[in-house]
Amino acid sequence: MEENVVLTARGISMTFPGVKALDNVDFTLRKGEIHALMGENGAGKSTLIKCLTGINDFEEGEIRIDGIDGPVRNHSTRDAQNKGISTVYQEVNLCPNLSVAENLFIGREPLTKLHTIDRKSYNKRSMKIMDDLGISVDVTQNLENYSLAIQQMVAIARAVDMDCKVLILDEPTSSLDDEEVEKLFNLMRRLKEKGVGIIFVTHFLEQVYAVCDRITVLRNGKYVGEYPIAELPRVKLVAAMMGKDLDDLAEIKKEEKDYSKEPMEIAAKGLSHAGTIKPFDLNIHKGEVVGIGGLLGSGRSELARCIYGADKAQTGSLDVDGKQVKINQPIDAMNKGMGMLPDDRKAEGIIADLSVRENIILALQAKRGMFKQLSRAQQEEIADRYIDLINIKTSSKDTLVKQLSGGNQQKVILARWLATDPDFLILDEPTRGIDVGTKSEIQKLIVKLASEGKSVLFISSEIEEMLRTCSRMVIMRDGQKVGEIDHDLSQEGVMKAIAGGES
Amino acid sequence: MKAWNKIKSWPLLLPIIALILVMTVNIIHDAATGVNPMSFFAISLRETTTNGTILYGRIIDIINRGSEVAILAIGMTLVVSASAGTDISVGSVMSLCASFMCMNLAGYGVSSTTTLAKPLVVGLLAAVLMGVVCGAFNGTLVAHLSIQPMVATLILYSAARAIGLLLCNDLIVYVRNPSFAFIGAFLGPIPTPIFITAFCIIIVSIVLKKTALGMYIQSVGINAKASRIAGLNSKLLIFLAYTLCGAFAAIAGIVASSRITSADSNNIGLYLEMDAILSVALGGNSLGGGKFNLAGSIIGAYTIQAITTTLYALGVSSIQAPVYKAIIVIIIVVIEAPPFKAYIRKFAASRAAAKGVKA
């Protein structure tokens, strides 16, 4: 094996039913480097990683790891861990009903002399690990009590603690805010100095340029190339990923228009849900796109959930289209013309074991009621229409949705709501973990919906995205709506409002 | 080759293979003992003093005796799919419904009667109503109070039989009336329970085909939170699944009671909940909820009955039978287990690859 190389993969190929997920892919990771693995949704990034970690069983090619003679084939993540490969995935794969400490040590619990689990020592060690990373949590609390961001940090802490040679981070930053991202980057740099090779998968281009040394690009399951970071500026990277020049995002811009004369679609007065969101007022006009800005956990999602009835509003009143309505659960909101794409795609979005077709028609069918079943022909027509319209990459409409890549799953849920033809659509982080091309498609779609007179409530961690599409922004802080910005939307202005204070 | 692949991915393939396997054992045994190997399938007409001319044969016997488990399996399939749990109270609920029915038909405190105290229909409706109430009770505990299905249904599992005994004043109530006995006897030459089972299966199949209930239940079973956001009333659907399961337990209870023209609280439906759960598993359904295949469960139910009948035909005593049953079930369940399937697929693939190299 070459000097300084910790891991090589050569000629990896792997097929899923109907799809060649990886086709003769090479990958090389050196000691003490942060190596970005880039590509669009479905390019094969996750598949390649799963081959390295033993979740997927590849058909051809070989993997070699420094210090081990001959080709390596992992059969489980545990196998991979023993060989020094640890992974943190895009979605948190820990046990929500176990404590933070238990999650950190699950499968490798420290034992006492009697070979029973040494609880004292592992709580103590857990505390130290979390302290070192600067995460303040009570390690004896169940993981489910913490936000997605903290859960993600725990997953990373767990991987880091396993003395790995190769650390794989698959979209670790998609649910972290800027400060948390910076903490993670610091940690990554520390590990890099210790000689750990890090594979970093992300959709945030700026993050790649902030920490990475080298980039490998995949496209449609094929190897495009490996480049030192300095030789591949942003535009070239995007071009390599998409196989064409970047569809300029700056083109998307809503025309300036005064919406205050338009009829009211949503008028919320004093809505609240105990423990998640304090009473708020919110008016949204027809054809308007309103963004919600705020840090993660500031109550962005909770505000939307409260309007939609996902968390039932305990106080206040809500008018939809000028009429007061009572919303006890999501179906009530849907019958008033609402739809909501939730932020946690895995837990609240997809029905993993149902087909793409069934996932797309689900909300429409729920709205029609149990006894007015859509015929098979109607279902297929609707599925085909939306697969075509928003370009969902799937081998067929009867493929199980769990076999699709994350971005395409997101599109399926989007299709589910478009199929119900909503007047008011809530999109909570619709572009998280999605590649540049798809992002711009979704943003265009939002603008298009608004031009058809539909109202959209848009939540995103990326402010630029909201600046591009929204005509007004609501600012959230600590579970409270603290203000609105309706003119001169600028990144700086919004940031200041989110941060609060005088500066 | 394409047709072969289609057959391989057919969900009913394994349940049917299991059933065929059991039949094969019969044929081999018959051949080995010098009986006509096809006697397992032989159906003949026989004269009886009580029921006139009836169909007679092992197949008929299996389909007849398997009725209760098949009916229970329908409800169990829905419960497993919607709630990723099992209703272990169905056997006891069968018994309770039978007791309640016989109490109505005979009158409270009467231990034996030949004339009905109330019209038969009233008794049947009372039984179904009791089943619905029991199912609704289970459904409320599971759906609205979020109690684990096993624990929630454990309550009626242990209590229902006792309640039945109370209703019957601690007696075994005999209702020796021909109109009641008819349910467990014969319609023309064919056993009536076969018609009842067929009726239940047809009704449920039509409902699943013509309404979106099937997709709703599966969706809730796979991801209740996401289903709620998409506009489904997850709690109501889980509640509904348990209520239906209770209703089907009542129907099974009516059949079982009518067969012996009595409400034998301690024996009706004994251990049948386990057979019903097993039917669902044998049918290739995951007990983890989500996707279900009703036809698989039904075939599973008859497979279990075929095993039982086969063992008796082989001369295994009813005390030893469970041991053999367990062995057969282990084999069938292993064949259907996904890791085993994956192993076979891999094995076949490597064989095919080896062949390719040679060619």
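Helices (H or I, at least four residues) and strands (E, at least two) here are DSSP runs, numbered from the N terminus, and two strands pair if DSSP finds at least two bridges between them. The model is predicted, with local features needing pLDDT of at least 70, side-chain atom pairs counting only at pLDDT 80 or more, and totals for chains, interfaces and linings using all residues. Residues are numbered from 1 along each chain as its sequence is written, while chains are lettered from A and ligands numbered from 1 in the order in which they are written.

**View 1. A hairpin in chain A made by S18(A) and S19(A).** S18 (residues 472-477) and S19 (residues 480-485) pair antiparallel through five bridges. Look for Val474(A), which stands opposite Glu484(A) of S19(A).

**View 2. S18(A) with a parallel partner, S12(A).** Here S12 (residues 289-293) of chain A is joined to S18(A) by four bridges.

**View 3. Chain B, with 16 helices and seven strands.** Its radius of gyration (over C-alpha atoms) is 22 Å, close to the 21 Å from the globule rule (2.2 Å times the number of residues to the power 0.38) for 359 residues, so chain B is as compact as a globular protein of that length. Along the principal axes, the C-alpha atoms of chain B fill a box of roughly 80 × 65 × 35 Å.
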